Amino acid sequence: MALIKQIRQRTGLMIGVIAGGLILFLLGGDLLSPNSSLLSSNKNIVGEIAGEDITLEEYSLKVEEFKGMFQQRTGRIPSEPEMVSVREQAWQAMIVERVFDEEYQKLGLTVSSAELVDMVQGKNIVPELRAQLVNPQTGQFDKNQLIAFLQSLETADPAQQAGWAQQEQLFAQARLRIKYDNLLATSEYFTTAEAKLEHKAANTIADASILYIPYYVIPDGDVKIEEKELTAYLSKNQDKFRVGNTANIEYVSFSILPSGQDSLEVISRMNELSEELKTSENDSAFVSRNSEIQNPFITFRPGDMLPTSLTTNVAEPVKGQAYGPYVTANSTYVTYKVTDQYEGTPRMRASHILFGTEGMDDAGKAAVKSQAEGVLADIKANGNFAQAASQYGQDGTAQNGGDLGWFAKADFVEPFANAAYAAKSKGLLPNVVETEYGYHIIEVTELPNSSYTKLAVLELELGASDATRNEAFRNADSFAAESGNRNEFTANATDKGYRILQANNIDATSRNLNNLQNAREVIIWVFGEGAPGKVSKVFELDNSYVVASVVSKKEEGKAKLEDVREQVEQQVRNEKKAAMIAEKLAGKTTLEEMKAVFADGAINDIPDLRLSASVIPGVGFAPKAIGSIFGLKASGQLTKPVQEDIGILVGRLNNLTPSTEIGDYTSYQAQMSQSGSQRMTYQIMMALQDLADVKDYRYKFY
């Protein structure tokens, strides 16, 4: 039960976990391999925040800081996919520092020393600490563990002490952000007039009929579009067509997947090793030497699942026997040897519902016990344990139906363990059990089991051989060397029978090319050295070599007509079709007459259309049409044809039920204020980023 020793041993890990949570909060909850050619030309600016250039060196230091936090939190170096998140956290942290610190100073917001002490060891301990210093049996915060942890820092090494100092700084930054957000969020106010409008929008109901005419009723060939019309439309609607840094490329992929010969060699090697494993006298040493997985010698305790590829092929594994080789879902070959089967420490599985009593007097405990016994009686009568656990449970297991998983007797406090292990059958224990943490309702889900199995796992990957990889690289390298420009790229690919693949509208921050994973190096080249018509060197991806050629690139900002011609043409064509449809509907006085003009039109009857709606059932997003319907004065009236993105709509008001007046609108005011406050944190972040004019050039380096 006492975790103080473990906490002292894992100080760095705990600090890292808390840091991760705080980082996410500070960012609005919800690296170091620069492109040498860019550096050599002194283009080492990765972005701009509030008019200040952010250098690669400065950003790299921040990334190293967050990388260190990741290592403290997990005990390992982040993988490249994980580094994507680390880099993003570092970038967002730099935005927060530059944007928010100035705001704090303007307002005079601070965190005093006394306040910081209260946050880490006083009456108002921060949630991040509470979440990490939890007793696993009760799920409750244990202040004694916190005290022991803080005392351990006095004799901790300098790195741990520095880590805690950094942690306290994060606590202070988080508190400043809370103060700032609350200062603005609590100023959110909605008037009675606004509440009345909200009530009216939610409760004004129309019975309406709506004619929907899709744009395709007019063939595209019937619409003539001139170049000047496209230019005029784009000029008038630039905000609709702003573009980011994107590119269109072509590439040829040279597979480095294993050949048939590679497969035969792996199978032959696997069969040979499997035979040796059968007679091996030291299974652990044998698989450690020959297997290609990290942990090839595994002990399976009661409750642990044996590998699926073993259980699906063998009903009852026997000690001393080897089974396999089998093909796995991960394209590997595996053989298992049952090194040992023995009786060990019993383990069982149970669920519980905790009714906490820590800090209560006798009267309080008696009341809690009475409640627990009442819930137990209800479960006995109705059999709803998981539901009751979710409703009444006061620890972290409540969300999992009270499930504690498999455990040994020594893992739990004595009264709980004794009661659970005394059970002779699965099911609900007849009485509540009292421990130092409170009263427990216990359901035994698996009886004690003491069967342990040791498996030696021999596993080999089915990968491409050096010969296969070398052949693929020679072909790719020769192709790249012979293709000095895009024309030669196309001609050479055609001559050699290579398939040219396209990847269009690639974002500068993308990491994949179509179905090719981890293609970041290719994309960095495209947006760095790459230019239209240029051909790349050979890039090595997970399962292929790639040679690419840039077709076109778009710079961030206002779109040019050639970049968005297709979208602009569609919008202009729809506007012209809308005018043509409206002209053909002119003079028609009923929806039925209008539908007769267009056989593909459809009339939808909507008996409960609300003023607050933006979507028409069966039609789609049509806020302008809905507004037009509620703007009608009398039943039977028709709206004018309304142009929406989905087509042309004409509405008929059959009946209108106005909202009734109510005596008190405070509930609507409160609801609107709450919603506004919840959005405030995100809106603050977005607004300040916009004002700071953040520019991100990291795609040139990572």
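**Helix pairs, overall form and backbone**

Author: H15 and H16 are roughly antiparallel to each other. This is a predicted model.

Reader: What is the angle at which helix H15 and helix H16 pack?

Author: Helix H15 spans residues 362–382 and helix H16 spans residues 385–392, with the two axes 10 Å apart. Angles over 145 degrees count as roughly antiparallel, and the pair is therefore placed in that class. The packing angle is about 155°.

Reader: How many residues of the contact of H15 with H16 are nonpolar?

Author: On the H15 side the contact is made by Gln371, Val375 and Ile379, and on the H16 side by Phe385, Ala388 and Tyr392. One residue of this contact is polar and none is charged. The number of nonpolar residues is five.

Reader: How are H10 and H24 oriented to each other?

Author: The axes of helix H10 (residues 192–203) and helix H24 (residues 666–692) come within 8 Å and cross at roughly 95°. Angles of 65 to 115 degrees form one class. H10 and H24 are therefore roughly perpendicular.

Reader: How many charged residues does the contact of H10 with H24 hold?

Author: From H10, the residues in the contact are Thr192, Glu194, Ala195, Glu198, His199 and Asn203, and they meet Tyr668, Gln669 and Met672 of H24. Three residues of the contact are nonpolar and four are polar. The charged ones number two.

Reader: What is the radius of gyration of the chain?

Author: The chain has 24 helices and 20 strands, and its C-alpha atoms fill a box of roughly 90 × 80 × 60 Å along the principal axes. A compact globule of 702 residues would have a radius of gyration near 27 Å. For this chain the value is 34 Å.

Reader: Which peptide bond is cis, with omega near 10°?

Author: Most peptide bonds are trans. The proline of this cis bond is Pro325, placed in strand E6 (residues 322–327). The bond runs from Gly324 to Pro325.

Reader: Is Ala50 buried, partly exposed or exposed?

Author: Ala50 lies in the loop between strand E1 (45–49) and strand E2 (52–55), and its phi is near 50°, a positive value in a residue other than glycine. Its relative accessibility is 48%. Buried means under 20% and exposed over 50%, so Ala50 counts as partly exposed.

Reader: What is the phi of Ser331?

Author: Most residues other than glycine have a negative phi. Ser331 is found in the loop between E6 and strand E7 (332–356), and it is partly exposed, with a relative accessible area of 43%. Although Ser331 is not a glycine, its phi is positive, at about 60°.

Notes
Residues are numbered from 1 along each chain as its sequence is written. This is a predicted model: local features need pLDDT of at least 70, side-chain atom pairs count only at pLDDT 80 or more; totals for chains, interfaces and linings use all residues. Side-chain values use heavy atoms; hydrogens and water are left out. Axes are lines fitted to C-alpha atoms, for helices over the stretch in contact, and angles run from 0 to 180 degrees between N-to-C directions. Helices (H or I, at least four residues) and strands (E, at least two) are DSSP runs, numbered from the N terminus. Angles under 35 degrees count as roughly parallel, over 145 as roughly antiparallel, 65 to 115 as roughly perpendicular and the rest as oblique. Contact means heavy atoms within 4.5 Å. Ala, Val, Leu, Ile, Met, Phe, Trp, Tyr, Cys and Pro count as nonpolar, Asp, Glu, Lys and Arg as charged, and the others, Gly among them, as polar. The radius of gyration is taken over C-alpha atoms; the globule rule is 2.2 Å times the number of residues to the power 0.38. Buried means under 20% relative accessible area, exposed over 50%, partly exposed in between (1.4 Å probe, protein chains only).
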